[in-house]
Amino acid sequence: WLSRLSTVVHEQLAIMPAMTRLGLMSCLQLFLLGIIFGLSLHSIAKVHKLTSTQKRIMLASFVEPRTSATRITTSISTTLPPVSDEPEPFVAFIIPTLARPSLITALESLIAQTDRSWRAIVIVNGLTGDAVPSETYLTESMPAFLLLPEALRQERRVKYLLLGAHRRKMQAGKPYTPGLVRNKAFSSLKSEWVAFLDDDDAVTSDYVEVLREEVMIASRAQAVLFRMRCNECLTTYIPPPNFTTLELHYVGISFAVRASILNVTGLNKHRIMFDDSACEHFTLMKQVVGSGHDVMISSRATYLVKPDIREILSQRSAEVGIRSYITGKHSENSSAIPRECVKRARHMHIHRKHNRLPTFIFPEQGSIFFDQNIRALNSSLAAAVAEGCFDSWFFPVALDIVIVFSHSHPLPPEADAYIQFQMEQVMASETEDAAAGFRGWSSNPQYQDRLAKAFQIWEWSPRQVQYLLQTKRFASHAVQYVPLWVASPDWAKESTCQRVLEQPSCASMRGSNVLFFGAITKNRRELCMAVDAAMHSLAGFGHHVTSECAQHVFGDDLMCKVCKADVIWIDHSRSGAVLEVHRINPLLTLGKAVVAAKSNDDIIDRLYEEVIVLAEPIAIPRALVRLMSNQTALTHLQRSAREFATMMQLASRPHLCRALKTLGLGLHTLSPRFS
């Protein structure tokens, strides 16, 4: 048939006039081009799911000359909204927050994404007073009351939705529940997928990349549920590796859904949205399945629940289970709230109403060594209570909990329990030098016994956390990473140096440009002599620099020497020690330049290497010479010290909050009347 048709066409073309034949061929070419373009547009729309607006823009750019961009805009501006110069992201993250400092960790985990096709909407919830106007609104600029680092302030991919407190009579003045807060952001979304992140959690750096892979594998899936890694839960991963179905209490907020199935306006009952229950994430997944949509349960753990610093520094997803699929089935009861969820919410409310917070006792208050730390920790604990860190505390009786810093200070006998803020160099080698005080872990069975009986151990070094857990003497929940910043005096706000330098006793005291303070062990004495000689050598280059090593100096006398110094250097009392942040942190709040010996904790060293000079002990004199002969470098260190201190004080609060939330897991160490 085709052969016969071809013969007839050739015969007819042969007898036609030349102009007629040319016109007919041109028409056929245009017809074929139209078919090819239509098929191409249909193919692109099918793969990339172009909206009707995007199709019209593409058509306009095809018809108009490419050099005439203004004509294209003019021809469609009467019917279309202005086109953004940035492509629509693959996924948008919704992050509800009560303006907690842990928001820093959540946002930094997004900035670290290997796939940059994402946006985020941070919903600041429960604002009252002058913080938010009468109408909820979206803004690209960060609200002034969010104390976030400058790098986050400059991030254009993050927008902020300011949400006032409840105005209904029953909930007036209270924040919205997490589910209702997330619904508020739906109308602001412009992405193919929507993911969710709590402000005290984080995602792995390959979250967006893994989501793309899973969507390619299961193209029909309208939701992808990732595993959550939770160090303080009954199971490390949620859902557990062997779970292939949706079950209550084993579904967290670690999922992403297609934006097209969300109830953006709140009026379309055939689309999904969060409810007001205590397990809104589980009910939303049930809505997805009940609306006939498929759900993939991923084998990857991309969501980190209340992560510690070690996870943030090496955040990649892990293969922890098997990939499974749940086929959607239409159900009239898909939006019904399970009775267990309602019961759980009521149960939590009753316990919060009747619980009694513990009383913290500091037996070392007034100590020349720890009084400033105790005042700072008291302030941090008060902030933790205000931020809701004790909301899950369920004790009906008030407990007296002692917090002690020293390894040898006696404990009050009437205390119900105690927390040991571990300040010693437990990883370091043994020393026979009596000036070191704590000679070593293995030679101190009394301290080992104290740690073993502690309600909780707060450790300021990530590597020492690992060391204590490897001894297999402590439960994992009993050893908590709590940065010493929560107990570091915030002297910068009190203008400490200005106050101290104005005192008559300080005015008459000799000061030095370069200072070391602390116990003078044999190694430190040799280093003091080397530093003194190095500073004297600068006189030949026109720099008059004095140095001093001070011991047995405390209180205002020590503060006077510190305030008069330009640089403070720090060395370890023994080999294998970790960075002595109990000395460094207060110095940074004062804006002091610090030179310190490298430590046995590479995580701590990486945190501090941007704002202090780290060197091998033998190279400390040479590092001080370079710094004291370079005023620009010295000024830079002093300027960045205070900024770093402010940031670290905020970033440490989530770790303290996590430790307080896990206090209940240590109840078995208490007497029978509390167990």
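**Close-ups of a predicted model**

**View 1. A disulfide between Cys497 and Cys563, sulfur atoms 2.1 Å apart**. Bear in mind for this and every other view that the model is predicted. The torsion about the S-S bond of Cys497 and Cys563 is about -90 degrees, so this disulfide is left-handed. Cys497 sits in helix H15 (residues 496–501) and Cys563 in helix H18 (residues 555–564), so the bond ties together parts that are 66 residues apart in sequence. Both Cys497 and Cys563 are buried.

**View 2. Helix H18 also holds Cys560, which is tied to helix H16 (residues 504–507) through Cys506**. Here the sulfur atoms of Cys506 and Cys560 are 2.0 Å apart. What is the handedness of this disulfide? With a torsion of about 85 degrees about the S-S bond, the Cys506 and Cys560 pair is right-handed. The two cysteines are 54 residues apart in sequence, and Cys506 and Cys560 are both buried.

**View 3. Cys528 and Cys549 make another disulfide, S to S 2.0 Å**. The model has 3 disulfides by count. The torsion about the S-S bond of Cys528 and Cys549 is about -110 degrees, so we're looking at a left-handed one.

**View 4. An open, parallel sheet of 5 strands, in the order S13-S14-S15-S16-S17**. Strands S13 (359–361) and S17 (479–481) stand at the edges with a single partner strand each, so one side of each has no neighbour in the sheet. On average, and ignoring direction, neighbouring strands are turned by 25 degrees against each other. Zoom in on S14 (residues 400–404) and S15 (residues 417–422), and you'll find 4 bridges joining these parallel strands. One to pick out pairs Val404 with Gln420 in S15. Packing on the sheet is helix H22 (residues 631–661), which touches S13, S16 (456–459) and S17. The direction of H22 makes about 170 degrees with that of S16.

**View 5. The largest nonpolar core, with 73 residues**. Phe93, Leu211, Val257 and Met285 have the most contacts inside this core. Strand S7 (residues 221–230) supplies the largest share, 7 residues. What does Met285 touch, leaving out residues up to four places away in sequence? The list is Ala223, Leu246, Val251, Phe255, Val257 and Val295. Another core lies apart from this one and has 63 residues, including Phe362, Cys389, Ala417 and Tyr608.

**View 6. Thr177, in the loop between strand S4 (158–164) and helix H7 (178–184)**. Thr177 is partly exposed, with 28% relative accessible area. Glu280 is 103 residues away in sequence, yet its C-alpha is 9.6 Å from that of Thr177.

**View 7. Two stretches where pLDDT stays under 50: residues 128–135 and residues 343–354**. Counting beyond four places in sequence, the model has 10 contacts for residues 128–135 and 7 for residues 343–354. Over the whole protein chain, pLDDT averages 76, and 71% of the residues score at least 70.

Key. Residues numbered from 1 in each chain as written. Predicted model: local features only at pLDDT ≥ 70, side-chain atom pairs only at ≥ 80, totals over all residues. Heavy atoms only, no water. Core = buried A, V, L, I, M, F, W, Y, C linked by side-chain atoms within 4.5 Å. Buried < 20%, exposed > 50% of the residue type's maximum accessible area, 1.4 Å probe, protein only. Contact = heavy atoms within 4.5 Å. pLDDT = per-residue confidence, 0-100. Pairing = 2+ DSSP bridges. Axes fitted to C-alpha atoms, helices over the stretch in contact; angles between N-to-C directions. Disulfide = S-S within 2.5 Å.
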